[in-house]
Number of protein chains: 2
Amino acid sequence: MLTDEYFMRIALQQAQLAFEADEIPIGAVVVAQNTVIAKGFNQVERLQDVTAHAEILAITAASNYLGSKYLKDCTLYVTLEPCPMCGGAIYWGQLGRLVYGAADIKRGCESMNLNVLHPKTNIIRGVLGEESRKLIRLFFEQKRL
Amino acid sequence: MLTDEYFMRIALQQAQLAFEADEIPIGAVVVAQNTVIAKGFNQVERLQDVTAHAEILAITAASNYLGSKYLKDCTLYVTLEPCPMCGGAIYWGQLGRLVYGAADIKRGCESMNLNVLHPKTNIIRGVLGEESRKLIRLFFEQKRL
C-alpha cells in the first residue's frame with residue numbers, strides 16, 4: 001500500500017492545488033516512517049517569491065514538524081525534477097531519499113548535469129512522471145489560449 | 001560614498017549579527033537605487049531550517065518590499081560566495097548584480113564550477129573578502145575551543 005506511487009499521488013494532489021491557484025503545477029510531500037509530515041505546492045506567483053518552490057516549502061515545513069534541520073530519515077516526493085535551488089536545499093537537509101516524477105530537461109539539476117545533490121541521498125526517478133508531465137503541459141496549454 | 005564596499009559593510013554587520021546569534025556568520029543585503037531594501041543573516045540554527053541562508057532571507061524580504069518576484073534592478077551583496085541553493089534563487093530572481101566577499105572553495109557555486117547563476121547577472125567578487133573570511137575563521141576557531 002505505502003508505495004512510492006502512493007506518496008507521489010499525494011504530491012500530485014498538491015500539484016493540483018497549485019494548478020487551481022494558477023501556479024505552475026508542482027507539488028511535494030515529505031514522508032517519515034511511512035507518514036506524510038509536510039506538504040507544499042508551488043506558490044511563486046501568490047507570494048511573488050522565487051524561493052517559494054514546492055520543495056522549499058515542504059522542507060521548511062518538515063523541519064518545523066521534526067524540530068530538526070536534518071531530514072536524514074525522510075523521503076521527499078516531488079512531481080518534477082528539482083532545480084539547482086531545490087537540489088541545494090535537499091543537499092543541505094541531507095534527505096535520505098528523493099523521489100521525483102517527470103524530468104525537467106531545462107532546469108532540473110540532474111538533467112543539467114550539475115553535481116548538486118548529496119551523494120548519500122538515494123534518488124528514484126520517473127514515479128508517476130507521465131501524470132505530472134500531463135498536468136504541467138495542460139497548465140501551459142491553457143496559458144497559451 | 002555609495003560604493004560596493006559601503007553596502008558590503010552593511011552585509012558584514014548582518015554577518016556580525018549571525019555571529020552573535022551563534023550562527024555561521026554570513027550576511028546579505030539587497031540594494032535598489034542605492035538604497036538597502038532588505039537584509040538577512042544566516043538563521044539555519046535558530047530556525048532549524050537549512051533554507052534560512054542569508055541570501056534566501058534577503059531575497060524573500062526584497063521581493064516582499066518591492067511586490068515583485070523579479071529583482072532585475074537590484075544588487076545582492078553577500079559576505080560569502082553563494083552555495084548552489086542560493087545561486088539558484090539568485091538565478092530565478094534574475095538579480096541584476098551579485099557582489100560577494102570571500103570565495104567558498106567547498107560549497108560556492110562558482111568555486112564548484114556549477115553553471116547555476118543567470119548569464120545576465122553581473123558578478124563582482126572579493127569585496128571585503130578578507131574581513132568576511134576572518135569573521136568566519138574566528139567563528140570556527142571558537143567552536144573548536
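This is a predicted model: local features need pLDDT of at least 70, side-chain atom pairs count only at pLDDT 80 or more; totals for chains, interfaces and linings use all residues.
Local features are given for pLDDT of at least 70 and side-chain atom pairs only at pLDDT 80 or more, while totals for chains, interfaces and linings use all residues. Residues are numbered from 1 along each chain as its sequence is written, chains are lettered from A and ligands numbered from 1 in the order in which they are written, and side-chain values use heavy atoms, with hydrogens and water left out.

**Exercise 1. Two helices of chain A**

Task: describe how α3(A) and α4(A) cross, and which residues meet.

Solution. Begin with the elements: helices (H or I, at least four residues) and strands (E, at least two) are DSSP runs, numbered from the N terminus. Two packed helices are described by the angle between their axes and the distance between the axes. Axes here are lines fitted to C-alpha atoms, for helices over the stretch in contact, and angles run from 0 to 180 degrees between N-to-C directions. Helix α3 (residues 54-66) and helix α4 (residues 84-93) of chain A have axes that come within 9 Å and cross at roughly 20°. The two helices are therefore roughly parallel to each other, since angles under 35 degrees count as roughly parallel, over 145 as roughly antiparallel, 65 to 115 as roughly perpendicular and the rest as oblique.

Next come the residues, where contact means heavy atoms within 4.5 Å. From α3(A), Glu55(A), Ile56(A) and Ile59(A) meet Met85(A), Cys86(A), Ala89(A) and Ile90(A) of α4(A). This contact of α3(A) with α4(A) comprises six nonpolar residues, no polar ones and one charged; Ala, Val, Leu, Ile, Met, Phe, Trp, Tyr, Cys and Pro count as nonpolar, Asp, Glu, Lys and Arg as charged, and the others, Gly among them, as polar.

**Exercise 2. A helix pair in each chain**

Task: find how α1 and α5 are placed in chain A and in chain B.

Solution. In chain A, the axes of helix α1 (residues 4-20) and helix α5 (residues 129-144) come within 10 Å and cross at roughly 5°, which makes α1(A) roughly parallel to α5(A). Among the residues in this contact are Leu12(A) and Phe19(A) of α1(A), with Leu135(A) and Phe139(A) of α5(A). By class, the contact of α1(A) with α5(A) has six nonpolar, three polar and two charged residues. In chain B, the axes of α1(B) and α5(B) come within 11 Å and cross at roughly 5°, and these helices are therefore roughly parallel to each other.

**Exercise 3. Asn42(A) and its surroundings**

Task: decide whether Asn42(A) is buried or exposed, and state which backbone oxygen lies 3.0 Å from a polar atom of its side chain.

Solution. Asn42(A) lies in the loop between β2 (35-41) and α2 (44-47) of chain A. With a relative accessible area of 6%, Asn42(A) is buried; the term means under 20% relative accessible area, with exposed over 50% and partly exposed in between (1.4 Å probe, protein chains only). The backbone oxygen in question belongs to Ile24(A). Leaving aside neighbours within four places in sequence, Asn42(A) is in contact with residues including Ala18(A), Glu23(A) and His53(A).

**Exercise 4. Ser63(B) and helix α4(B)**

Task: locate Ser63(B) and list its contacts, then say what covers the buried residues of α4(B).

Solution. Ser63(B) sits in helix α3 (residues 54-66) of chain B and is buried, at 1% relative accessibility. Beyond its neighbours within four places in sequence, Ser63(B) touches Gln48(A), Ser68(B), Lys69(B) and Leu71(B). A polar atom of the Ser63(B) side chain lies 3.0 Å from the backbone oxygen of Ser68(B).

In helix α4 (residues 84-92) of chain B, eight of the nine residues are buried, so this helix is largely enclosed by the rest of the structure. The cover over those buried residues includes α4 of chain A together with α3, β3 (74-80) and β4 (97-102) of chain B.

**Exercise 5. Positive phi values**

Task: state where Asp22(B) and Leu128(B) lie and what their phi values are.

Solution. Most residues other than glycine have a negative phi, and most peptide bonds are trans. Asp22(B), in the loop between α1 (4-20) and β1 (27-32) of chain B, has a positive phi near 65° and is partly exposed at 44% relative accessibility. Leu128(B), in the loop between β5 (122-125) and α5 (129-144) of chain B, has a positive phi near 55° and is buried at 12%.

Conventions
A polar contact is a pair of N or O atoms within 3.5 Å; within protein, one must be able to donate a hydrogen and the other to accept it, and residues adjacent in sequence count only if both atoms are side-chain atoms.
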